[in-house]
Amino acid sequence: MNENTLESVQQCLNQFDVTEEQLQQIQAGILGDMERALGRQAGSSPSVQMLPTYVRSTPRGTEQGDFLVLELGASGATLRVLWVTLTGISGPRKEPVSQEFTIPTEITLGTGQQLFDFAAGCLVQFLDQLQVGSQPIQLGFNFSFPCHQTGLNQSTLISWTKGFRCSGVEGQDVVQLLREAIQRQGAYNIEVVAVVNDTVGAMMSCDPSPQACEVGLVVDTGTNACYMEEVRHVAELKEDRGRICVNVQWGSFGDGGALEPVQTPFDLQLDQESLHPGTQSPSHGRARAQAMLQELGLTPSAQDCAQVQRVCGAVSSRAARLCAAALTAVLARVRSNPERSPLGVSVATGGRLYKQHPRFSALLQQTVRLLAPDADVTFVPSEDGGGRGVAVVTAVASRLALQRRQLEETLAPFRLHSQQLKAVQAQMRESMVRGLRGESSSIRMLPTYVCAMPDGTERGDFLALDLGGTNFRVLWVKVGSRSEEGIKIINRVFSLPESVTQGTGQQLFDHIVDCIVDFQKENNLSGQTLPLSFTFSFPCKQLGLDQGILLNWTKGFKASDCEGQDVVSLLRAAIRRRQGVELNVVAIVNDTVGTMMSCGYEDPHCEVGLIVGTGTNACYMEELGNVCAVPGDRGRMCINMEWGAFGDDGLALQEFYTPFDLSVDQASINPGKQRYEKLISGMYLGEIVRQVLLHLTHLRVLFGGQEFPSLQTKDIIKTKFLSEIESDLERWQVRAILEKLDLQADCEDALLVREVCQAVSRRAAQLCGAGVAAVVEKIRENRGLDRLSVTVGVDGTLYKLHPHFSEQVKDAVRELAPQCCVRFLLSEDGSGKGAALVSAVACRLAGAAGP
Ligand code: 0WK
Ligand code: BGC
């Protein structure tokens, strides 16, 4: 072979030389693209895809079990099935059993159904030989094409590569396609638990000791890498803690032109002839060179062969060096992570080109050392092509799937369907009617002696007390003309220590009078005897507007010597005990009635009062003729339902009481009482959530089974916690809230805790909605109307502050009382204003009645 020929061959091969500077530019180019793709910055179109794989930890070595692995596309038009037995840390290592199948070209270029049926057929063939019997089998699907994953077992194919072009697959969930094909076979009970990219399989197949691999590199028919990235850098995940394996999909690097400086005419020709021109820029071996020399019209001689070898060498060297440039970009990301192991970085390697080419791996590693001299990198050949790694991911996925099932089983009783809600509505209606008739009923339907709503002519100054909610308040209410002054309120919140709410009745009422006196002094009202209305939010049998016998305490109150007593008398006695104080107690009002009156002042359609706060209850305007306890059948009277006790007679709600609810009831100071309230109101929801979290921790579904002391602490979870957790927070913000409770959670835990809160509060809202539906339907039928428009006045911290509670109540009422148009009006200034209006109305009616 003469000099000229050799010269032109050399000129040709020189094009495959990539300088160190070019490699650094490529490294920087890939790193830049990786960071843009992670940030998902608008308008940027990085050519690498950075796809989250939902693999959140490197192998722990604890994974155990038998797993079926299907490998498709890892090495071109072949398919491999493996049976992998993981034996955990202590068990003897077992070699996987595997079988390889060649995929006919007409299948790789045919329909998706053909491809997946072929794959499912291979699975059956393999299992027939293995004789695994009918046991459920968990399968890990090693699918080595660019996919957008939305979970460990949900993955949408973005585009085919490596010569595949099956129709009807791009844009589809390949796990679903495989499931359907397996079902069509109908031979084995195979559950596809995880889909994994071959690079992830390679990374996960490495022994975690002495150090787990944090990078997976595959150079085979295609090439790609994955690595453990911090989740806070992966914009689409919106998380702050922990790591996730990211599938780089670097094959498409340069599709935007970044590789032009190193591309040769041969590469461009190859690209044009490829199935996907312009994508997946070049990295292939001997065959290409062969074709190249034939284009030069040479017939190979021995020397020719040597030249051929030189060509192959040039092409593969460039491939190894380009791969190294890309790998050092990945290493730069891994090394920027403060949480990474101090022992340098281990890279799992896989793929026939990397393993079998005599010089590829060495040249790659050499180039990595050149481009990242201070990187302490260990290359670990992945075992059995990542089959074991896929099995490890499958083991993790099945553990997570089991956890999901256990979570669903735990929360299923909280998910109520409309039939159940209709039953609650009907049972409540029955109990209401029995209560009105004075028959035994868990809903006592207490007459309040409030028979008229404010009409705007009320006037005067009133004192009001508001006891029974989160805060104890004393109010000065000035009722002026609706058009001019309207209603002005001056109020003050006073603390109510437990020693008072759970002390003696005398202590409680003396404390109340002390607060009134302080308030009068502060507002220069001392010595004035204003009519006083007492919002007393507990079940009272009223004998008149200013007489109410306390039937029983609720909401954690248990002051002694009060139950069975007239609360107004107890207050008047305390006033008498306090020398020099004159107060004119004119009315005792339940907070539901106060709320209805205060909203009724704004909206004359308001005929229902609803409280969902510490406790829950409702009142409404009933036809006097239906109220057996009060003589007369004309007009209406407001009935305080005391629905919190619904079900206390064991005739309703039994089926809804989960073991968690029973624990909360048993631990309360009034077990067996207020059973409806204990499923709905703010005082109890946090405790129900705590019980469920404890249960899920026992099942190791939460917090890795770690039993944090704080979770054992009664009432540590306030209902405010549910409102915060269920509001529109990112996972890391939820995690931060858990941390405030000394619960060390990862983002998965945070999500699960949120699901528990959502299930508990949604059930509460639905049950409350069923109650409201029973009330408005009663009013509609009382009046023989086809359609009723009515307003419900509402108050209570749970209804007001929880992000979704009020909407969920409205949804339930809309579904259960379709013939009622119900407006929910939030009460301003609470029921103190309403209580003053009750007195004002009483004074107006008394005035009308004349002296
Ligand atoms: C504010 C009302 C008060 C009622 C309370 C209920 O003024 O009468 O008892 O709402 O809500 P909670 O404070 O229990 O959340
Ligand atoms: C009380 C009701 C009160 C409700 C809301 C319940 O525990 O029994 O009287 O209306 O809480 O505060």
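## Helix packing and domain contact

Leu6, Val9, Gln10 and Leu13 of α1 meet Gln307, Arg310, Val311 and Ala314 of α9; contact means heavy atoms within 4.5 Å. By class, the residues of this α1 and α9 contact are five nonpolar, two polar and one charged. Ala, Val, Leu, Ile, Met, Phe, Trp, Tyr, Cys and Pro count as nonpolar; Asp, Glu, Lys and Arg count as charged; the others, Gly among them, count as polar.

This is a predicted model, in which local features need pLDDT of at least 70, side-chain atom pairs count only at pLDDT 80 or more, and totals for chains, interfaces and linings use all residues. Residues are numbered from 1 along each chain as its sequence is written, chains are lettered from A and ligands numbered from 1 in the order in which they are written, and side-chain values use heavy atoms, with hydrogens and water left out.

Helices (H or I, at least four residues) are DSSP runs numbered from the N terminus, as are strands (E, at least two). Axes are lines fitted to C-alpha atoms, for helices over the stretch in contact, and angles run from 0 to 180 degrees between N-to-C directions.

| Helix pair | Axis angle | Axis distance |
|---|---|---|
| α1 (residues 3-14) and α9 (residues 302-335) | roughly 15° | within 10 Å |
| α4 (residues 112-130) and α5 (residues 174-185) | about 60° | 8 Å |
| α21 (residues 719-726) and α22 (residues 731-740) | roughly 160° | within 9 Å |

The angle makes α21 roughly antiparallel to α22. α1 and α9 are roughly parallel to each other. α4 and α5 are oblique. Angles under 35 degrees count as roughly parallel, over 145 as roughly antiparallel, 65 to 115 as roughly perpendicular and the rest as oblique.

In α4, Gln113, Phe116, Asp117, Ala120, Gly121, Leu123 and Val124 meet α5 residues Val174, Leu177, Leu178, Ala181, Ile182, Arg184 and Gln185. The α4 and α5 contact has nine nonpolar, three polar and two charged residues.

Now the domains. The protein chain splits into domain 1 (10-401) and domain 2 (416-448 + 590-839), with bounds from an automatic or database domain assignment. Their centres, taken over C-alpha atoms, are 54 Å apart. Six residues of domain 1 touch seven residues of domain 2. Between them the two domains bury about 670 Å², 45% of it on carbon and sulfur atoms. Buried area is the accessible area (1.4 Å probe) that two parts lose on being put together, summed over both.
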